Amino acid sequence: MSQTVRTRPEGSAQALSEAYDTALLDLDGVVYAGGNAIAYAVESLGTARSGGMRLAYVTNNALRTPDVVAEHLTELGIPTGASDVITSAQAAARLISEQVPAGARVLVIGGEGLRVALRERGLEPVESADDDPAAVVQGFGGPDLPWGRFAEACYAIARGVPWFASNTDLTIPSARGIAPGNGAAVEVVRIATGAEPQVAGKPLPPMHRETILRTGAERPLVVGDRLDTDIEGAFNGEVDSLLVLTGVTDGAQLLAAPPQHRPTYVDADLRGLLTGQPEVVEADGGFRCGGWTATAGSERLELEGDGEALDGLRALCAAAWTTAADGTCELDGGKALARLGL
């Protein structure tokens with residue numbers, strides 16, 4: 001796929017909730033963290049919805065069913081129906097259904113989210129490699145998934161059964177810190193079998209296709225906190241994206257982002273949906289946003305001026321991404337980011 005290389009965040013005269021018809025929102029790190037709503041999320045999403053923007057929640061976590069996710073969001077104060085939730089389990093189930101006969105058995109290595117998604121597509125979940133499965137699907141099964149489940153996957157794959165994975169995120173956030181994600185479990189099976197799974201979740205196209213099919217979005221905006229899943233998924237789907245800084249991505253990672261990880265817009269949190277976005281313009285041999293001007297020196301990024309920290313970050317992104325072109329910026333931005341408190 002050939003795309004124009006983004007060299008600066010874009011501006012928007014309209015509030016993003018007016019410029020786009022549907023927000024495709026990641027959950028962990030965007031809407032909630034550790035089960036609790038992130039600051040400003042409930043109010044911002046309520047205002048965006050009341051203004052006519054559709055809200056859809058797109059998650060790589062295949063463990064929970066859409067009903068359970070919707071119930072949790074509603075309890076947080078964000079009224080949500082199951083049809084507003086799109087999971088990597090659903091994307092994986094559709095991918096499998098296109099390659100196996102109707103009613104086929106599928107060996108499930110994971111949780112209830114996968115089983116519900118398979119039944120929705122007319123497939124029969126089974127538990128053993130001896131149940132004559134037509135496919136194996138692997139998704140996050142929680143911290144207590146027995147080791148023997150990986151062995152069942154290996155037995156089936158060794159017999160030539162095709163292998164699918166809901167996603168390959170190596171880590172997942174938890175209330176106690178960062179824990180191994182489904183990608184770590186997929187690596188166990190990959191090492192044991194030498195096989196490669198077909199992957200459905202973000203940032204790959206099956207997840208974007210599933211989301212568009214289920215929402216009917218015509219002008220979607222992907223909203224996420226991770227460069228390597230949310231923003232890259234938007235890049236692969238050729239749609240715009242908003243990075244919020246409430247999750248895992250920090251300023252240094254953003255400045256070093258290669259083209260597929262560069263968001264259209266950057267904001268602090270979900271309040272960014274309700275406002276326009278300031279323009280970044282070329283000025284004085286560098287890039288200006290608000291009261292800040294950023295330039296690329298010989299060894300580091302330089303920042304002059306004063307004003308909103310986010311404007312300084314946007315200007316620094318322009319300087320870093322322009323210097324890097326289609327690569328990764330190697331200039332030191334630490335001093336400039338420290339000045340912004342980022």
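1. How do strand S17 and strand S18 pair, and over how many bridges? S17 (residues 286–289) and S18 (residues 292–296) pair in the antiparallel sense, and three bridges join them. Cys289 is found opposite Trp292 of S18. Please keep in mind as you read on that this is a predicted model.

2. That pair belongs to an open sheet of four strands, ordered S16-S17-S18-S19 and with antiparallel pairing. At the edges stand strand S16 (281–283) and strand S19 (301–305); each has a single partner strand, so one side of each has no neighbour in the sheet. From one strand to the next, the twist averages 35°. Helix H11 (residues 309–324) packs on this sheet and touches S17, S18 and S19. The direction of H11 makes about 25° with that of S18.

3. Now for the parallel sheet. Six strands form an open sheet in the order S5-S4-S1-S13-S14-S15, and their pairing is parallel. Its edges are strand S5 (85–87) and strand S15 (265–267), each with a single partner strand, so one side of each is left without a neighbour in the sheet. Here the twist averages 25° from one strand to the next.

4. Strand S4 (residues 54–59) and S5 run parallel and are joined by three bridges. Thr59 has Thr87 in S5 as its bridge partner. Helix H2 (residues 41–50) lies across S1 and S4, and runs at about 130° to S4.

5. Helix H4 (residues 88–97) packs with helix H8 (residues 205–215) at an angle of about 100°, and their axes are 9 Å apart. The angle makes H4 roughly perpendicular to H8. On the H4 side, the contact is made by Ser88, Gln90, Ala91, Arg94 and Leu95. On the H8 side, the residues are Pro206, Met207, Arg209, Glu210, Leu213 and Arg214. Sorted by class, the contact has five nonpolar, two polar and four charged residues.

6. The structure holds one cavity of 30 Å³ or more, and the volume of the largest cavity is about 140 Å³. Which residues come closest to its centre? Of the 15 lining residues, they are Val58, Lys202, His208, Thr211 and Val222. Strand S1 (22–25), H8, strand S13 (220–224) and helix H9 (227–237) each supply at least two residues of the lining. By class, that lining divides into nine nonpolar, three polar and three charged residues.

7. On to the open spaces. The largest pocket holds about 580 Å³ of space. Its lining counts 31 residues, and those nearest the centre are Phe140, Gly142, Pro143, Ile172 and Pro173. Helix H3 (66–75), strand S10 (171–174), strand S11 (177–180) and helix H7 (182–193) each give at least two residues to the lining, with the largest share, four residues, coming from H7. The classes are 17 nonpolar, 12 polar and two charged residues.

8. The second largest pocket has a volume of about 350 Å³. It is lined by 27 residues, and Asp28, Asp169, Ile172, Pro173 and Arg226 lie nearest its centre.

9. Finally, two backbone details to check in your viewer. The peptide bond from Lys202 to Pro203 is cis, with omega near 10°. Pro203 sits in the loop between strand S12 (198–199) and H8, while Lys202 is one of the residues closest to the centre of the largest cavity. The other detail is Asp132, which has a positive phi of about 55° although it is not a glycine. Asp132 is in the loop between strand S7 (124–126) and strand S8 (135–138).

Notes:
Residues numbered from 1 in each chain as written. Predicted model: local features only at pLDDT ≥ 70, side-chain atom pairs only at ≥ 80, totals over all residues. Heavy atoms only, no water. Axes fitted to C-alpha atoms, helices over the stretch in contact; angles between N-to-C directions. Parallel < 35°, antiparallel > 145°, perpendicular 65-115°, else oblique. Contact = heavy atoms within 4.5 Å. Nonpolar A, V, L, I, M, F, W, Y, C, P; charged D, E, K, R; others polar. 1 Å grid on protein atoms, 1.4 Å probe; cavity = no way out; pocket = protein on both sides within 12 Å on 5 of 7 lines; lining within 4 Å. Points joined across faces, edges and corners; volume = space filled by probe spheres on them. Pairing = 2+ DSSP bridges.
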